[in-house]
Amino acid sequence: MKSVSGSSAIILSGEPGTRWYAELTEGAEWCSFSSKDFANAKTKNGQLADGLNVLYVYYKANTGKLQRHAQLTLRYAENPEKTFDLIQLAESEELLPAFNIWAELPAKVDNSNYQYITHYGLLNNKTLRNYSICFDKTKKAALWVAYPIHDVYTTKNIPDRTNRWAFDPTIPISAQANCVEYSYKGSYDRGHQVASADRVCTDEMNAQTFYMSNMTPQASSLNGAMWGTLESRVRTNSCSDTLYVVTGAYFENDNTTTFDGAGNLVPIPTHYFKVLLRTINGKTGKKIEDCAPEELKSIGFWVEHKAYSGGIPTEICKSVKEIETKTGFTFFPKVAASVKEQNAPRDWGIN
């Protein structure tokens with residue numbers, strides 16, 4: 001949790017009709033099960049219904065200089081209790097991307113409407129970056145999501161995707177689309193930018209891909225077809241040296257809109273894009289900045305927000321440089337210009 005006020009969602013699962021009981025046992029002075037009653041709403045109970053069951057925990061902003069800790073206990077019927085730890089950052093702490101350090105990160109653009117965030121997860125007792133975003137509060141969406149792809153992230157250690165739709169706890173709820181319980185209106189899915197299938201290593205990292213900040217209203221005819229095929233093809237290009245990816249949404253105008261699950265108006269992206277970077281060899285053991293231009297390869301994809309027939313069309317393949325020109329962002333700033341001028345689809349398994 002960031003220091004701003006907001007809420008976190010816990011998905012309750014089990015057989016319909018099962019009784020559940022929840023209690024805030026620590027941190028009760030700043031957490032509550034009610035956004036309007038922080039003094040008394042420290043316990044809650046109910047019965048599981050068909051469909052999605054969500055328990056919200058609301059929290060006040062942390063204006064202190066230290067992190068603070070809360071604890072929630074949850075019990076189903078007569079089963080043993082489960083304990084959840086909630087950590088809220090201090091006012092001065094931020095989950096900022098490591099600009100100029102991580103190879104996947106675009107150059108930072110100063111804009112008062114943008115919020116930059118990195119989400120982390122614990123894997124094999126090590127804290128790893130999950131993904132970073134540039135979130136535009138006026139669009140209620142991330143303009144780009146940057147992340148590494150490697151076997152450590154894509155080796156499946158969880159039985160299934162979590163489907164734990166939730167607000168991003170680091171962004172004010174008012175700035176996010178509300179599709180926690182219901183998707184966007186019309187024929188639009190809650191379209192991931194970093195795919196759930198890119199993060200199947202832990203429950204925590206997979207759940208973070210279901211944050212509203214990672215979603216856009218994406219046409220079902222694109223999301224369930226060519227876009228999914230493209231996501232799968234990107235994963236096949238993973239390598240020991242790491243594949244670096246930036247996925248983004250582009251709003252050529254705000255003329256096309258829909259409503260989120262709560263009935264709030266949101267703009268629809270006119271285009272999506274991906275840019276990829278990795279070593280040609282795939283196992284040099286070098287950092288990107290230590291590689292010569294001839295050791296690297298890159299490609300971009302510029303996707304109109306529409307349905308496509310067949311597989312991945314070569315006309316969506318672009319150079320990274322072309323997508324920089326279209327979006328105004330600078331991708332892979334540590335890499336020579338000659339690398340970003342490449343556009344060789346066959347080198348990425350696209351014919």
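Biologist: Which residue is the bridge partner of A249 in β16?
Modeller: The bridge partner of A249 there is Y272. Strands (E, at least two residues) and helices (H or I, at least four) are DSSP runs numbered from the N terminus. This is a predicted model, in which local features need pLDDT of at least 70 and side-chain atom pairs count only at pLDDT 80 or more, while totals for chains, interfaces and linings use all residues. Residues are numbered from 1 along each chain as its sequence is written, and side-chain values use heavy atoms, with hydrogens and water left out.

Biologist: Over how many bridges do β13 and β16 pair?
Modeller: Over seven bridges, in the antiparallel sense; two strands pair if DSSP finds at least two bridges between them.

Biologist: What is the strand order in the open sheet?
Modeller: The seven strands run in the order β8-β9-β10-β13-β16-β17-β18, with antiparallel pairing. At the edges are β8 and β18 (317-318), each of which pairs on one side only.

Biologist: Across which strands does α4 lie?
Modeller: Helix α4 lies across β10, β13, β16 and β17, and runs at about 10 degrees to β16. Axes are lines fitted to C-alpha atoms, for helices over the stretch in contact, and angles between N-to-C directions run from 0 to 180 degrees. Helix α5 also packs on the sheet, where it touches β13, β16, β17 and β18, and its direction makes about 45 degrees with that of β17. Contact means heavy atoms within 4.5 Å.

Biologist: Where does E231 lie, and is E231 buried or exposed?
Modeller: E231 lies in helix α4 (residues 226-236). E231 is buried yet has no salt bridge, and the nearest side chain of opposite charge, K274, is 4.7 Å away. A salt bridge puts a side-chain nitrogen of Lys or Arg within 4 Å of a carboxyl oxygen of Asp or Glu. As to charge, Lys and Arg count as positive and Asp and Glu as negative, whereas His and the chain ends are not counted.

Biologist: Which residues does E231 touch?
Modeller: Not counting residues up to four places away in sequence, E231 touches H192, Q193, A195 and K274.

Biologist: How many salt bridges are found in the whole structure?
Modeller: The search finds eight. In one of them D198 meets R235, with the closest N and O atoms 2.8 Å apart. The two are 37 residues apart in the chain, D198 in the loop between β11 (188-192) and α2 (203-208), R235 in helix α4.

Biologist: Why does D198 count as buried?
Modeller: Because its relative accessibility is 3%; buried means under 20% relative accessible area, exposed over 50%, and partly exposed in between (1.4 Å probe, protein chains only). R235 counts as partly exposed, because its relative accessibility is 22%.

Biologist: What about K286 and E295?
Modeller: Their side chains meet in a salt bridge, 3.0 Å from N to O. K286 is partly exposed at 38% relative accessibility, and E295 is partly exposed at 22%.
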